[in-house]
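Visitor: I am new to this structure and would be grateful for a guided introduction. May I put some questions to you?

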Amino acid sequence: MKTDELIDRLTGDLAPVSRTVVGRTLALGLGAGALASFVAMWLWLGIRPDLASAAATSAYWMKFIYTLSLACLAFWAVERLARPGAGSRVQMTLLGIPVVALLVLAFIQIDGVSRATRMHLMMGASSNVCPWRIAILSLPVFAGAFWALGKLAPTRLVVAGVMAGLLAGAFGAWIYAFHCDESTAPFVVIWYTLGIAAVGALGGLSGRYLRW
Amino acid sequence: MLAAEAQLKALMLSALGGNAAAYRALLTALGELLRRYYARRLGDAASAEDLVQETLIAVHTRRATYDTSLPFTPWLYAVARYKLLDHLRHGRVRTAVPLDEAGDLFAEDESEAALARRDLDRLLELLPAATREAIRQVKIEGLSTAEAAERSGRSEIAVRVGIHRGLKALGEKLREGRSREDR
């Protein structure tokens, strides 16, 4: 086909485009994924029975804010990465802030306690299942994020894949926190972060499927 | 450059609003820019034009990803660069070899004529006998299709079609071999 004919055809196909398409597409993919993930958590693990009383503790909100702030920052980075030529370095750097903040809190908590207590603070009672569960609960969100990115235009596929993975991981961790009754900063900063990072790695490995 | 940016951005904004005249002007201008962009980076004009078209389609289908608060040309060149890298990484091979150019497949190895002839014989072995003879007579010995038809007692059209199919099949076999070596 001649390029002029192509231009005719594309011009004939023109329709006004809303400026909120990128945000809406991502929100749709992530919303559907998060919903599926929440239902999976409910049926599989169940919401912790003491949620109402736990919601009065700062430990609960630490997990809540940590995972949600990571999810929001990763969403912002993904929203930038979905657009050709839009910088995303600031957003990706900001992702370090919640991690560093929680690390500081974790060091304060393990400072000056006995060795046994320190182990207990770090390992909790569920360290062997926590990262796995987070990774598994992230998968529906992961699928939603990749579906949405596939409709947009990421030009750095591996970076976009990693960020979409971190976004899904943070979302999955946020949902897992409705079940998990661990309450120490060292536990969360180690095992939650590990689960989230694993999903990020999966995203990087799957980046090439974002090709368009 | 700055003038171009302002002009292109204005056209893009009208196009996003649904203005077809602005959109046509935009795509025409982008066609020119992209042709220059790809011509400078790829030796071969045909694949440059393929990429121009592919990028215009990408501009069309992904136009909603342009953030209107940012300049337009960085978006465009990010798309163009992505399509260029994608092309270089997944270099698609043309599937049809025109009959006139098929001779090039054999002409490449003239410096090592003997080796080439051996390879050629081996390749021709893969074809049915009638096709093999027709190709040998017309493409290697230089007979006309009419003469070859007379010798084999088949119609000229049958000889021509046979040669065409045979060369196409050979081209595919060569390409398979080559892409295996590339890996």
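The questions and answers below concern a predicted model.

Visitor: How many helices and how many strands are there in chain A?

Guide: Read along its sequence, chain A follows the pattern α-α-α-α-α-α-α-α-α-α. The C-alpha atoms of this chain fill a box of roughly 75 × 35 × 30 Å along the principal axes. The count for chain A is ten helices and zero strands.

Visitor: How many helices and how many strands does the secondary structure of chain B come to?

Guide: The pattern of chain B along the sequence is α-α-α-α-α-α-α-α-α. Its secondary structure comes to nine helices and zero strands.

Visitor: What percentage of the residues in chain B is buried?

Guide: A residue is buried if 20 or more other C-beta atoms lie within 10 Å of its own. In chain A, which has 212 residues, buried residues make up 42%. For the 183 residues of chain B, the buried share is 25%.

Visitor: Among contacts in chain B between residues at least 6 apart in sequence, what percentage joins residues at least 24 apart?

Guide: In chain A, residues 24 or more positions apart account for 87% of the contacts with a separation of 6 or more. In chain B, among contacts between residues at least 6 apart, the share that joins residues at least 24 apart is 53%.

Visitor: How many residues make up the second, separate core?

Guide: Among the members of this second core are A134(B), A149(B), L167(B) and L170(B). The number of residues in it is nine.

Visitor: Leaving aside its neighbours within four places in sequence, which residues is F171(A) in contact with?

Guide: F171(A) is one of the residues that touch the most other members of the largest nonpolar core. With neighbours within four places in sequence left aside, its contacts are L30(A), A34(A), A71(A), S138(A) and V141(A).

Visitor: At what angle do helix α2 of chain A and α9(A) pack?

Guide: Two packed helices are described by the angle between their axes and the distance between the axes. The axes of α2 (residues 21–44) of chain A and α9(A) are 10 Å apart, and the crossing is right-handed. The angle is about 35 degrees.

Visitor: Which residues make this contact, and how do they divide by class?

Guide: From α2(A) come L30(A), A34(A), S37(A), F38(A) and M41(A), and from α9(A) come F171(A), G172(A), I175(A) and Y176(A). By class, the contact of α2(A) with α9(A) has seven nonpolar, two polar and no charged residues.

Visitor: How are α7(B) and α8(B) oriented to each other?

Guide: Helix α7 (residues 129–140) and helix α8 (residues 145–152) of chain B pack with their axes 9 Å apart, at an angle of about 140 degrees. Their crossing is right-handed. Angles over 145 degrees count as roughly antiparallel, and α7(B) and α8(B) are therefore oblique.

Visitor: Which helix of chain B supplies the largest share of the side that touches chain A?

Guide: In all, 29 residues of chain B are in contact with 21 residues of chain A. On the side of chain B that touches chain A, α1 (2–16), α2 (20–41), α3 (45–61) and α4 (72–89) each supply at least two residues. The residues of this side divide into 15 nonpolar, eight polar and six charged. The largest share, seven residues, comes from α4(B).

Visitor: What does F64(A) count as, with its C-beta neighbours inside 10 Å?

Guide: F64(A) is found in helix α4 (residues 58–81) of chain A. Since F64(A) has 14 C-beta neighbours inside 10 Å, this residue counts as partly exposed.

How values were computed
Residues numbered from 1 in each chain as written. Chains lettered and ligands numbered in written order. Predicted model: local features only at pLDDT ≥ 70, side-chain atom pairs only at ≥ 80, totals over all residues. Core = buried A, V, L, I, M, F, W, Y, C linked by C-beta atoms within 7 Å. Buried ≥ 20, exposed ≤ 12 C-beta atoms within 10 Å, placed from the backbone. Contact = placed C-beta atoms within 7 Å. Helix = DSSP H or I, 4+ residues; strand = E, 2+ residues; numbered from the N terminus. Nonpolar A, V, L, I, M, F, W, Y, C, P; charged D, E, K, R; others polar. Axes fitted to C-alpha atoms, helices over the stretch in contact; angles between N-to-C directions. Parallel < 35°, antiparallel > 145°, perpendicular 65-115°, else oblique. Left-handed = near helix turned anticlockwise from the far one by under 90°.
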